[in-house]
Amino acid sequence: MSSKGKASKFVSAAALVAAFVPGVSLALPKEGAEAPNARVEDADGRALQMSSLKGKPILIVYEDKDSAAQNQPLKDDLSKLGQGDKYKQKIALAAVADVSGYDWWPAKGFVKDAIREESKKQKTTIYCDWDGSFGKAYGVRKGVSNVILVGKDGRVLFAGSGALGVADRKKLIELLGAQVEG
(Lines give C-alpha, C1' and ligand atoms only; values in the text may rest on other atoms or scores of the structure.)
Protein backbone atom coordinates (compact mmCIF):
# COMPACT_ATOMS: atom_id res chain seq x y z
CA MET A 1 0.00 0.00 0.00
CA SER A 2 1.34 3.46 -0.88
CA SER A 3 2.07 6.03 1.82
CA LYS A 4 -0.79 8.14 0.40
CA GLY A 5 -3.19 5.23 0.89
CA LYS A 6 -1.94 4.65 4.44
CA ALA A 7 -2.37 8.34 5.27
CA SER A 8 -5.90 8.30 3.86
CA LYS A 9 -6.81 5.25 5.95
CA PHE A 10 -5.29 6.88 9.05
CA VAL A 11 -7.33 10.07 8.56
CA SER A 12 -10.50 8.03 8.02
CA ALA A 13 -9.81 5.95 11.13
CA ALA A 14 -9.12 9.10 13.19
CA ALA A 15 -12.41 10.64 12.05
CA LEU A 16 -14.29 7.45 12.92
CA VAL A 17 -12.72 7.29 16.38
CA ALA A 18 -13.52 10.96 16.98
CA ALA A 19 -17.14 10.36 16.02
CA PHE A 20 -17.59 7.62 18.62
CA VAL A 21 -15.30 8.61 21.48
CA PRO A 22 -17.03 10.83 24.06
CA GLY A 23 -15.44 14.24 24.54
CA VAL A 24 -13.84 14.38 21.09
CA SER A 25 -15.37 17.12 19.00
CA LEU A 26 -14.93 17.91 15.34
CA ALA A 27 -16.90 21.17 15.14
CA LEU A 28 -18.39 24.03 17.09
CA PRO A 29 -21.65 23.22 18.86
CA LYS A 30 -24.75 23.44 16.68
CA GLU A 31 -27.23 26.22 17.24
CA GLY A 32 -29.86 24.97 19.69
CA ALA A 33 -27.51 22.46 21.34
CA GLU A 34 -26.88 22.52 25.07
CA ALA A 35 -23.63 24.39 25.72
CA PRO A 36 -20.84 22.32 27.30
CA ASN A 37 -20.09 22.97 30.97
CA ALA A 38 -16.39 23.65 30.51
CA ARG A 39 -14.00 25.31 32.93
CA VAL A 40 -11.21 27.87 32.51
CA GLU A 41 -9.03 29.93 34.84
CA ASP A 42 -7.87 33.51 34.84
CA ALA A 43 -4.17 34.34 35.08
CA ASP A 44 -4.39 34.20 38.88
CA GLY A 45 -5.93 30.73 38.96
CA ARG A 46 -9.54 31.78 39.68
CA ALA A 47 -11.81 29.29 37.98
CA LEU A 48 -14.83 30.03 35.82
CA GLN A 49 -17.30 27.19 35.27
CA MET A 50 -19.68 27.91 32.39
CA SER A 51 -22.66 26.51 34.32
CA SER A 52 -22.19 29.25 36.93
CA LEU A 53 -23.23 31.80 34.28
CA LYS A 54 -26.53 30.13 33.35
CA GLY A 55 -29.36 32.66 33.37
CA LYS A 56 -27.21 35.23 31.55
CA PRO A 57 -26.26 35.20 27.90
CA ILE A 58 -22.60 34.20 27.58
CA LEU A 59 -20.44 35.50 24.77
CA ILE A 60 -17.38 33.30 24.35
CA VAL A 61 -14.49 34.59 22.27
CA TYR A 62 -11.80 31.90 22.01
CA GLU A 63 -8.51 32.89 20.37
CA ASP A 64 -4.78 32.38 20.43
CA LYS A 65 -2.14 35.09 20.04
CA ASP A 66 -2.10 34.75 16.25
CA SER A 67 -5.87 35.03 15.76
CA ALA A 68 -6.63 37.79 18.27
CA ALA A 69 -7.00 40.49 15.59
CA GLN A 70 -9.05 38.34 13.22
CA ASN A 71 -12.43 39.53 14.50
CA GLN A 72 -11.45 43.09 15.36
CA PRO A 73 -14.52 44.56 13.55
CA LEU A 74 -16.76 42.43 15.81
CA LYS A 75 -14.81 43.50 18.89
CA ASP A 76 -15.22 47.13 17.84
CA ASP A 77 -18.99 46.62 17.51
CA LEU A 78 -19.11 44.92 20.92
CA SER A 79 -17.04 47.70 22.47
CA LYS A 80 -19.64 50.25 21.32
CA LEU A 81 -22.40 48.12 22.89
CA GLY A 82 -20.44 47.77 26.11
CA GLN A 83 -20.09 51.51 26.66
CA GLY A 84 -23.38 51.62 28.53
CA ASP A 85 -24.27 49.60 31.62
CA LYS A 86 -27.19 47.92 29.86
CA TYR A 87 -25.01 45.32 28.12
CA LYS A 88 -22.14 45.15 30.61
CA GLN A 89 -24.34 43.95 33.44
CA LYS A 90 -26.58 41.63 31.44
CA ILE A 91 -24.02 39.72 29.35
CA ALA A 92 -21.25 37.48 30.62
CA LEU A 93 -18.14 37.80 28.47
CA ALA A 94 -15.78 34.85 28.49
CA ALA A 95 -12.66 35.93 26.61
CA VAL A 96 -10.61 32.72 26.47
CA ALA A 97 -7.00 32.50 25.34
CA ASP A 98 -5.70 29.24 23.92
CA VAL A 99 -2.42 29.02 25.81
CA SER A 100 -2.13 25.23 25.70
CA GLY A 101 1.26 25.45 24.00
CA TYR A 102 2.69 27.35 26.96
CA ASP A 103 1.75 25.08 29.86
CA TRP A 104 5.35 24.55 30.98
CA TRP A 105 7.82 26.36 33.17
CA PRO A 106 9.05 29.09 32.71
CA ALA A 107 6.80 29.98 29.76
CA LYS A 108 3.63 29.74 31.85
CA GLY A 109 4.78 32.54 34.15
CA PHE A 110 5.53 34.86 31.23
CA VAL A 111 2.16 34.09 29.65
CA LYS A 112 0.32 34.78 32.92
CA ASP A 113 2.04 38.18 33.14
CA ALA A 114 1.12 38.99 29.53
CA ILE A 115 -2.50 37.89 30.10
CA ARG A 116 -2.75 40.07 33.21
CA GLU A 117 -1.46 43.08 31.25
CA GLU A 118 -3.83 42.46 28.33
CA SER A 119 -6.75 42.03 30.76
CA LYS A 120 -5.98 45.45 32.27
CA LYS A 121 -5.63 47.01 28.82
CA GLN A 122 -8.92 45.51 27.57
CA LYS A 123 -10.68 46.13 30.91
CA THR A 124 -11.99 42.57 31.00
CA THR A 125 -10.88 39.26 32.44
CA ILE A 126 -9.12 37.01 29.97
CA TYR A 127 -9.32 33.33 30.86
CA CYS A 128 -6.67 30.75 30.03
CA ASP A 129 -7.21 27.34 28.45
CA TRP A 130 -3.96 25.76 29.63
CA ASP A 131 -4.67 22.16 28.71
CA GLY A 132 -6.96 22.65 25.71
CA SER A 133 -9.94 21.04 27.46
CA PHE A 134 -12.17 24.10 27.04
CA GLY A 135 -11.39 24.22 23.34
CA LYS A 136 -12.09 20.51 22.97
CA ALA A 137 -15.40 20.80 24.83
CA TYR A 138 -16.54 23.57 22.49
CA GLY A 139 -15.02 22.08 19.33
CA VAL A 140 -13.12 25.23 18.47
CA ARG A 141 -10.87 25.43 15.44
CA LYS A 142 -7.26 26.02 16.39
CA GLY A 143 -5.47 29.02 14.96
CA VAL A 144 -8.61 31.07 14.25
CA SER A 145 -10.97 33.25 16.24
CA ASN A 146 -14.03 31.36 17.53
CA VAL A 147 -17.16 33.18 18.68
CA ILE A 148 -20.00 31.42 20.50
CA LEU A 149 -23.12 32.95 22.00
CA VAL A 150 -24.91 30.90 24.63
CA GLY A 151 -28.43 32.03 25.54
CA LYS A 152 -29.83 32.49 29.03
CA ASP A 153 -31.25 28.98 28.81
CA GLY A 154 -27.80 27.43 28.26
CA ARG A 155 -28.39 26.67 24.56
CA VAL A 156 -26.08 27.78 21.77
CA LEU A 157 -27.56 30.65 19.76
CA PHE A 158 -24.58 31.35 17.50
CA ALA A 159 -21.24 29.71 16.73
CA GLY A 160 -18.70 30.87 14.18
CA SER A 161 -15.02 30.40 13.38
CA GLY A 162 -12.64 32.60 11.46
CA ALA A 163 -13.21 36.20 10.47
CA LEU A 164 -16.95 36.79 10.73
CA GLY A 165 -18.52 38.59 7.81
CA VAL A 166 -20.88 41.53 8.07
CA ALA A 167 -23.99 39.32 8.01
CA ASP A 168 -22.71 37.08 10.84
CA ARG A 169 -21.68 40.08 12.95
CA LYS A 170 -25.11 41.64 12.44
CA LYS A 171 -26.83 38.37 13.36
CA LEU A 172 -24.73 38.04 16.53
CA ILE A 173 -25.43 41.63 17.62
CA GLU A 174 -29.17 41.11 17.02
CA LEU A 175 -29.14 37.90 19.06
CA LEU A 176 -27.30 39.68 21.89
CA GLY A 177 -29.87 42.48 21.79
CA ALA A 178 -32.75 39.99 21.97
CA GLN A 179 -31.13 38.31 24.99
CA VAL A 180 -30.66 41.63 26.78
CA GLU A 181 -34.16 42.90 25.97
CA GLY A 182 -35.98 39.59 26.48
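This is a predicted model: local features need pLDDT of at least 70, side-chain atom pairs count only at pLDDT 80 or more; totals for chains, interfaces and linings use all residues.
Which charged end sits over the ring of Trp130? In the structure before you, that position belongs to Lys108, whose charged end lies 4.7 Å from the centre of the Trp130 ring. A charge sits over a ring if NZ of Lys or CZ of Arg is within 6 Å of the ring centre and within 35 degrees of the ring normal.

Residues are numbered from 1 along each chain as its sequence is written, and side-chain values use heavy atoms, with hydrogens and water left out.

I turn now to strand E3, residues 58–63. Helices (H or I, at least four residues) and strands (E, at least two) are DSSP runs, numbered from the N terminus. Six of the six residues of E3 are buried; buried means under 20% relative accessible area, exposed over 50%, and partly exposed in between, with a 1.4 Å probe and protein chains only. On one side of the strand are Ile58, Ile60 and Tyr62, on the other Leu59, Val61 and Glu63, and both faces are covered.

What are the partners of this strand? Two strands pair if DSSP finds at least two bridges between them. E3 pairs with strand E4, residues 92–98, in the parallel sense over six bridges, and Ile58 stands opposite Ala92 in E4. With strand E6, residues 146–150, E3 pairs in the antiparallel sense over five bridges; here Val61 stands opposite Val147.

Let us proceed to the aromatic rings. The structure holds two aromatic pairs. The rings of Tyr62 and Phe134 have centres 6.0 Å apart and planes at 5°, so this pair is stacked. Rings of Phe, Tyr and Trp (its six-membered ring) pair if their centres lie within 6.5 Å; planes under 30 degrees apart count as stacked, over 60 as edge-to-face and the rest as tilted. Because Tyr62 lies in strand E3 and Phe134 in helix H5, residues 133–138, the pair ties together parts that are 72 residues apart in sequence.

Phe134 also forms a stacked pair with Tyr138, at 4.8 Å centre to centre and 25° between the planes. Both of these residues lie in helix H5, four residues apart, about one turn of the helix. Phe134 is buried, with a relative accessible area of 0%, and Tyr138 is buried at 1%.
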